[in-house]
Structures are given as structure tokens and as C-alpha cells.
Amino acid sequence: MTAPAPGTTVLTVEDLKVHLPTEAGTLKAVDGVGFTLKAGSTLGLVGESGSGKSLTSKTLLRLNPEDFDEAGRITLHATDDHDELEILSLDPKGPLVRTVRGRRIAMIFQEPMTAFSPLYTIGNQIIEAILLHTTSDRHEARQICLAMMAKVGIADADRRIDQYPHEFSGGMLQRALIAMALSCSPEILIADEPTTALDVTIQAQVLELISQLQEELGMAVLFITHDLAVVAEVCDEVAVMYLGKVVEQAPVREIFKNPRHPYTRGLLRSIPRLGMGRRERLYAIEGTVPQAIDLPPMCGFYDRCAHRIDGVCNTATPQLLPVAPQHQVRCFLEDPDIASGSKPAEPVPEPATSPTAHRAPTAAEPKEQR
Ligand SMILES: Nc1ncnc2c1ncn2[C@@H]1O[C@H](COP(=O)(O)OP(=O)(O)OP(=O)(O)O)[C@@H](O)[C@H]1O
Ligand SMILES: [Mg+2]
């Protein structure tokens with residue numbers, strides 16, 4: 001397969017919603033998410049626990065239980081070898097989904113131990129994946145597996161191919177998982193917290209490996225993490241998720257240099273810095289993420305936001321608006337009309353009260369910097 005030219009859009013997600021039935025009501029776990037993945041480029045999906053990152057990525061592979069309500073569009077674009085597919089219109093149990101899973105979109109998970117069966121050798125499991133997607137010749141599949149194991153830095157692959165998962169260390173197992181994911185040359189790699197379970201030196205090696213293989217194979221990568229240091233290391237673009245919505249999206253440098261959403265700024269302030277005094281406490285965003293059940297139209301970050309404007313931020317849901325080229329923010333403070341007080345948020349049941357207690361910062365005030 002020839003890899004698409006770097007920068008080619010390989011996947012478009014538009015207004016994706018995943019709503020879950022719960023005893024307490026409908027949980028809007030993913031609620032209007034959109035992004036594009038481009039060949040050779042890495043999009044980081046960040047946000048705290050429960051913000052909908054994993055659910056978003058599982059939906060791309062149709063891995064959700066049947067009673068989840070999915071809406072929106074996920075377009076996997078055509079390549080030299082494959083037709084364009086509308087993922088959400090595929091039968092989740094049908095043959096086309098199987099051409100997507102593993103073959104066109106591969107996924108590596110946080111916990112490599114649970115991804116492999118303890119009953120079969122590592123080689124057997126990788127070879128099965130190759131036989132499913134790439135070739136029906138077992139000998140050729142074994143050769144591909146050996147080459148892939150060597151490529152991900154598993155020394156002595158000839159011997160290790162016949163070992164069982166318990167004979168591999170955590171770092172080696174994660175490498176084997178990456179070898180399995182990449183053995184079918186997918187167009188897209190989803191990495192869901194792939195290094196969280198590893199110690200830091202191994203973490204760095206695995207990140208380096210993913211970047212190197214991405215360059216070689218021209219894949220688009222969706223990298224899910226809550227670790228902003230990792231984001232700075234591997235991502236080209238970042239989408240910050242909060243309560244099922246993207247609240248800010250921008251190229252990685254822009255996110256670090258000029259974060260605009262109060263939640264993003266809070267996340268950045270909570271990273272430990274070199275030179276921090278030992279007694280200096282790490283910043284923590286106050287409060288907890290509310291459950292996205294029966295939320296009235298309002299900003300989901302309202303209760304935790306130090307800059308909220310009463311009568312505005314709690315009366316309507318902010319839209320994701322462009323604030324600079326390639327930089328979008330979902331915050332009333334960034335809506336020029338509202339920040340200047342000339343336009344109330346839509347829809348407003350009563351005339352908006354004037355924002356006194358919580359005033360929007362004006363353009364003249366410096367933004368918080370990291
Ligand atoms: N299979 C499921 N059944 C019920 N609720 C679910 C299921 N999967 C996800 N959820 C709920 O959907 C919301 C989003 O979950 P998701 O796993 O996408 O979060 P996340 O951003 O990946 O969090 P984390 O950083 O902890 O992995 C959460 O409230 C979660 O409890
Ligand atoms: Mg998750």
C-alpha cells in the first residue's frame with residue numbers, strides 16, 4: 001500500500017454524539033465532537049477522566065454496546081486501495097467493519113497485559129492478526145511478524161516470537177502490541193493512553209517508537225492522554241475535551257503558548273515545572289466534572305470557572321468559535337460580542353443581568369501564561 005501524502009485528510013468526524021441510557025437519565029458522554037485526522041500527523045485528545053476520550057475513539061471502530069445512541073458523521077476517506085466509508089452507517093457486526101478494524105484503523109490500549117491472551121504465544125497472536133488482514137500464507141505471515149517485532153525493537157525476535165505474554169516485560173509487551181497494531185499498515189493508529197502503565201524511561205522509548213513508525217508509514221495518529229508533557233512531545237494538534245465536548249483545539253505550540261479556555265489554562269497550570277519550590281503547591285482545578293445527565297443549556301465548566309459571567313455562561317451553551325487561524329475555543333469570554341457586553345448569549349429567557357461579580361477579561365489584560 002502506498003501511504004497517502006502527508007497532510008492528506010484520512011478521517012473526518014463531524015458533530016459526533018454518543019448518548020448512553022443510564023438509570024438516572026441519558027448520559028451525553030460525547031456531545032458534538034468534531035475533528036480531522038491527517039496522514040503523518042498526530043492529534044492529541046486530552047481532558048480529565050470521564051470527558052469522553054475513549055468513547056470517542058471506540059466509536060470510530062464501532063465498539064460500543066448496541067444500546068448506545070450514536071449520531072453524527074465519521075467519514076473514513078478513500079485511498080488507492082479502499083473506498084470511502086461512512087463508519088456510522090456500517091453494520092457493527094458486518095464484514096465492512098472488519099476491514100476497518102485492525103486493517104485501516106488500529107488501536108493500542110493502555111494495558112498491554114489485557115490485550116494479549118495468556119494462552120497463546122505472542123507470535124501466534126500477531127500472526128493471526130496478519131492472517132486476518134494481509135495474507136493467507138502462514139509462512140509469509142510469520143516473516144512479516146518477525147520483521148515487525150524487529151522494527152519495534154524486540155531483540156532476538158526469532159526466539160521471542162514463540163514466547164508467551166508472561167515472559168515479556170511491560171515495555172516489551174507494549175512493543176509487541178504496537179507490532180501487532182502496525183503489522184497491517186493501518187492508515188490510522190489510535191493510541192489510548194499507551195504509556196500510562198509503563199515506567200518513564202520505557203515511556204520515552206515507546207513514544208519515540210510511535211513517532212518513528214508514524215514517519216515511516218505515514219499514518220495519522222489519534223493520541224489519547226491526560227498527560228500534557230506527553231502531548232508536547234508527540235502531538236501536532238491538540239483537542240481539549242471537557243464533559244463530552246471539545247472546548248479548545250489548536251496546533252500544539254499555540255495551545256501551550258496561548259491557551260484561551262479557562263479549563264485548558266487550568267490544565268497547563270497543573271503541570272509541575274522545573275525550578276518549582278518544594279513547598280510550592282501544584283495548582284488543581286477546583287470542583288469535579290459534573291455528570292452530563294440532564295444538563296440545562298449552559299457552559300459545562302461554569303461551576304468550576306473563575307472567570308464565569310453569571311447570566312451569560314449559565315444561560316446558553318457556548319459554541320466552538322475561531323479565535324485565530326486553526327485555533328477554536330468554546331467559551332463566551334472569547335466571543336467578542338459577549339465579552340464587550342454588546343450581545344447576550346442565545347437563547348436568553350430573561351434580559352441578561354450585567355456581569356459584575358465575574359467580569360470577562362478585556363483584550364488589554366495579559367492572558368495567563370504557563
Ligand atoms: N460501557 C459504558 N457503560 C456505561 N458508561 C460508560 C461506558 N463507557 C463510558 N461510559 C461513561 O461515559 C463517560 C465517558 O467515558 P470515557 O471512557 O470516554 O472517558 P475518558 O475521557 O476516556 O476517561 P479516562 O481518562 O478515565 O479514560 C464516562 O462518564 C463513563 O462513565
Ligand atoms: Mg479513557
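Guide: Let's start with the cavities. Searching the whole structure, which is a predicted model, turns up 4 cavities of 30 Å³ or more. The way to picture such a search is simple: rolling a probe the size of a water molecule over the atoms shows where empty space is left. The largest cavity comes out at about 60 Å³.

Who sits around that space? Go to His261 and Pro262, which both line the largest cavity. Cysteines turn up in the lining too, namely Cys299, Cys305, Cys313 and Cys331. Arg308, Phe332 and Leu333 complete the list. Sorted by class, that lining has 7 nonpolar residues, 1 polar and 1 charged.

Now move over to ligand 1.

Zoom in on the backbone here. A polar backbone atom of Ser51 is 3.2 Å from an oxygen atom of ligand 1. For Gly52, a backbone N or O atom lies 3.0 Å from an oxygen of the ligand. With Leu55, the distance from a polar backbone atom to a ligand oxygen is 2.8 Å. As for cover, ligand 1 on its own would expose 630 Å², and the protein buries 62% of that.

Follow the chain out of H1 and you can find Arg62, in the loop between H1 and strand S4 (69-76). Here's something to check in the backbone angles: most residues other than glycine have a negative phi. Arg62 isn't a glycine, yet its phi is positive, near 55°. Is Arg62 buried or exposed? Its relative accessible area is 11%, and the cut-off for buried is under 20%, so Arg62 counts as buried.

There's another case to look at, Ser185, in the loop between helix H7 (170-182) and strand S7 (188-192). Ser185 also has a positive phi, about 45°, although it is not a glycine. Its relative accessibility is 32%, so Ser185 counts as partly exposed.

Notes
Residues are numbered from 1 along each chain as its sequence is written. Chains are lettered from A and ligands numbered from 1 in the order in which they are written. This is a predicted model: local features need pLDDT of at least 70, side-chain atom pairs count only at pLDDT 80 or more; totals for chains, interfaces and linings use all residues. Side-chain values use heavy atoms; hydrogens and water are left out. On a 1 Å grid over the protein atoms alone, a cavity is a set of points where a 1.4 Å probe fits but cannot get out, and a pocket is an open set with protein on both sides within 12 Å along at least five of seven lines; lining residues have an atom within 4 Å of a point. Grid points are joined across faces, edges and corners, and a volume is the space filled by probe spheres set on the points. Ala, Val, Leu, Ile, Met, Phe, Trp, Tyr, Cys and Pro count as nonpolar, Asp, Glu, Lys and Arg as charged, and the others, Gly among them, as polar. A polar contact is a pair of N or O atoms within 3.5 Å; within protein, one must be able to donate a hydrogen and the other to accept it, and residues adjacent in sequence count only if both atoms are side-chain atoms. Accessible areas come from the Shrake-Rupley method with a 1.4 Å probe; for residues, only the protein chains shown count as cover. Helices (H or I, at least four residues) and strands (E, at least two) are DSSP runs, numbered from the N terminus. Buried means under 20% relative accessible area, exposed over 50%, partly exposed in between (1.4 Å probe, protein chains only).
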